[in-house]
Amino acid sequence: MSPKATSRLAADAAALYELEAQIGFVLRRSHQRHVSIFAECMADLSLTPQQFSALVKIQDEAAVSQNRLGRLTAMDPATILGVVQRLVQRGLVDRSPDPVDPRSTRLTLTTKGQALVTSAVPMAREATDRTLARLTPAERKDLLRLLSKLATGENE
């Protein structure tokens, strides 16, 4: 095949690719919109989505290792380390040695952290409601089910 023909085929293939119709592009735009809404809702509390997720999961677990918290919140070790450090600095999370495994650290919410989660949950719900406002209740349920299926790679 001549270089001209190869170039034309490449141009044709690129022309057929519509970025706005690609799942990654749409998911990224949707995520960016939600993060912006979340930031508006949490502005008074100065919580990022990652910090909020960590606080909620620590509350759910009562006490959790940093490693497990990273898995529960889908954050890599470096990210969860930074998130936990900031939460500890703000006095929202306590670190203590794990009584079962002295090599591990146990994370728990402080009283201040518990109060913040209680205040933040309604704001997080508002962020979700604003993000999904254009969808009917059935569409919301379907979207979450389908996205969960994509996120886990599991079949129903």
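Modeller: K57 and D60 both belong to helix α3, where three residues, or about one turn of the helix, separate them. Helices here are DSSP runs of H or I with at least four residues, numbered from the N terminus. The model is predicted, so local features need pLDDT of at least 70 and side-chain atom pairs count only at pLDDT 80 or more, while totals for chains, interfaces and linings use all residues. Residues are numbered from 1 along each chain as its sequence is written, and side-chain values use heavy atoms, leaving out hydrogens and water.

Biologist: How far apart are the closest N and O atoms of K57 and D60?

Modeller: A salt bridge requires a side-chain nitrogen of Lys or Arg within 4 Å of a carboxyl oxygen of Asp or Glu. K57 and D60 form such a bridge, with their closest N and O atoms apart by 3.4 Å.

Biologist: Is D60 buried or exposed, or partly exposed?

Modeller: Buried means under 20% relative accessible area, exposed over 50%, and partly exposed in between, with a 1.4 Å probe and protein chains only. D60 has a relative accessible area of 47%, so D60 is partly exposed.

Biologist: Where do the buried residues of α3 lie around the helix?

Modeller: The buried residues of α3 are Q51, F52, A54, L55 and I58. Viewed down the helix axis, they fall within an arc of 160°, so what they line is one face of the helix. The arc is taken from the directions from the helix axis to the C-beta atoms.

Biologist: What is the reach of α3 from its first C-alpha to its last?

Modeller: Helix α3 covers residues 49-61, which is 13 residues. The expected span is 1.5 Å times one less than the number of residues. For α3 the expectation is 18 Å, and the reach is close to it, at 18 Å.

Biologist: Which helices does the salt bridge between R130 and E40 link?

Modeller: The side chains of R130 and E40 meet at 2.6 Å, N to O. The two residues are 90 residues apart and lie in distant parts of the chain, R130 in residues 111-131 and E40 in residues 23-41, which are helices α6 and α2.

Biologist: Which helix holds the partner of D129, R140?

Modeller: R140 and D129 form a salt bridge, their closest N and O atoms being 3.3 Å apart. D129 is in helix α6, eleven residues from R140, which lies in residues 137-152, helix α7.
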